[in-house]
Amino acid sequence: MPPILSVQNLNKSYSGRLVLSVPAIDFAPGIHWLKGQNGSGKTTLFKIIAGLLPYDGTVLLDGQYDLRRHPVAYRLRVNYGEAEPFYPEFLTGWELINWVASAKQAPQSQISELIGRFAVADFLKTPVGTYSSGMLKKVSLIMAFLGNPRLILLDEPLITLDQNATHTVADLIQTGRQQGVNFLLSSHQDFSLSGLPVESVWQVARQTLTSVSQTV
Ligand SMILES: Nc1ncnc2c1ncn2[C@@H]1O[C@H](COP(=O)(O)OP(=O)(O)OP(=O)(O)O)[C@@H](O)[C@H]1O
């Protein structure tokens with residue numbers, strides 16, 4: 001099966017210090033779990049794949065959308081949920097969600113469904129500066145599922161979430177996978193215990209990414 005994402009000759013430095021070097025990696029369709037110690041480079045890798053950080057190398061989606069050469073088509077198909085989301089405090093959750101929905105060409109019905117699934121309607125009209133970390137995380141996860149993505153990157157998707165929201169995330173990942181969406185997940189928690197059909201596990205360490213196992 002052709003890879004959903006190919007990363008080649010990827011190098012990333014901050015202020016001249018190399019933090020990531022990935023010669024060539026193909027992610028098969030499916031759910032992939034990235035592990036790694038604090039500071040190993042998981043978030044940096046996610047931000048590069050999400051199109052949020054400059055990098056050297058090639059990032060190719062579905063064998064045809066090159067992040068550098070097709071920036072709009074690529075970004076329409078790749079969504080990202082940050083580990084610790086941070087937004088301008090004066091915006092409301094409602095404004096944020098609608099802005100991302102418009103960029104991702106998401107229908108109103110999808111917005112309503114996700115707002116219902118995460119039970120956030122009561123606070124969406126207030127500025128995000130008043131939100132708790134779990135409330136912020138729910139809004140960020142709603143935005144990560146909007147549109148019709150081929151690949152969703154979720155950095156620590158379960159931190160700060162209550163039990164209902166944790167189940168909602170697992171369910172959305174499972175349903176998304178059944179509909180052909182692919183996932184890269186980073187978590188310090190053990191995803192193999194979550195019941196999600198994890199295709200492969202990867203380790204981010206010593207400035208690179210290596211496969212730990214195929215099909216856990
Ligand atoms: N904006 C930045 N400027 C300079 N160095 C950075 C920057 N962002 C990250 N780094 C460094 O890059 C390395 C990788 O950081 P990154 O945030 O990608 O790690 P991580 O695996 O996501 O860590 P954690 O599990 O703690 O979230 C660390 O050494 C970090 O100090």
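The shell around the ligand consists of Tyr14, Val19, Gly36, Asn38, Gly39, Ser40, Gly41, Lys42, Thr43, Thr44, Ala83 and Val204, where a residue belongs if its C-beta atom, placed from the backbone, lies within 6 Å of the molecule. This is a predicted model, in which local features need pLDDT of at least 70, side-chain atom pairs count only at pLDDT 80 or more, and totals for chains, interfaces and linings use all residues. Residues are numbered from 1 along each chain as its sequence is written.

By class, the shell holds 4 nonpolar, 7 polar and 1 charged residues; Ala, Val, Leu, Ile, Met, Phe, Trp, Tyr, Cys and Pro count as nonpolar, Asp, Glu, Lys and Arg as charged, and the others, Gly among them, as polar. Helix 1 (residues 42-49) gives the most to this shell, with 3 residues; helices are DSSP runs of H or I, at least four residues, numbered from the N terminus.

I turn now to a pair of helices. The axes of helix 3 (residues 93-103) and helix 5 (residues 133-144) come within 9 Å and cross at roughly 15 degrees, the axes being lines fitted to C-alpha atoms over the stretch in contact, with angles from 0 to 180 degrees between N-to-C directions. Helix 3 and helix 5 are therefore roughly parallel, the term for angles under 35 degrees. In their contact (C-beta atoms, placed from the backbone, within 7 Å), Gly93, Leu96, Ile97 and Val100 of helix 3 meet Val139, Ile142 and Met143 of helix 5. That contact comprises 6 nonpolar, 1 polar and no charged residues.

Finally, glycine 116 lies in helix 4 (residues 108-118). Its C-alpha is 22 Å from that of glutamate 84, at a sequence separation of 32 residues.

Technical notes: Helix = DSSP H or I, 4+ residues; strand = E, 2+ residues; numbered from the N terminus. Parallel < 35°, antiparallel > 145°, perpendicular 65-115°, else oblique. Contact = placed C-beta atoms within 7 Å.
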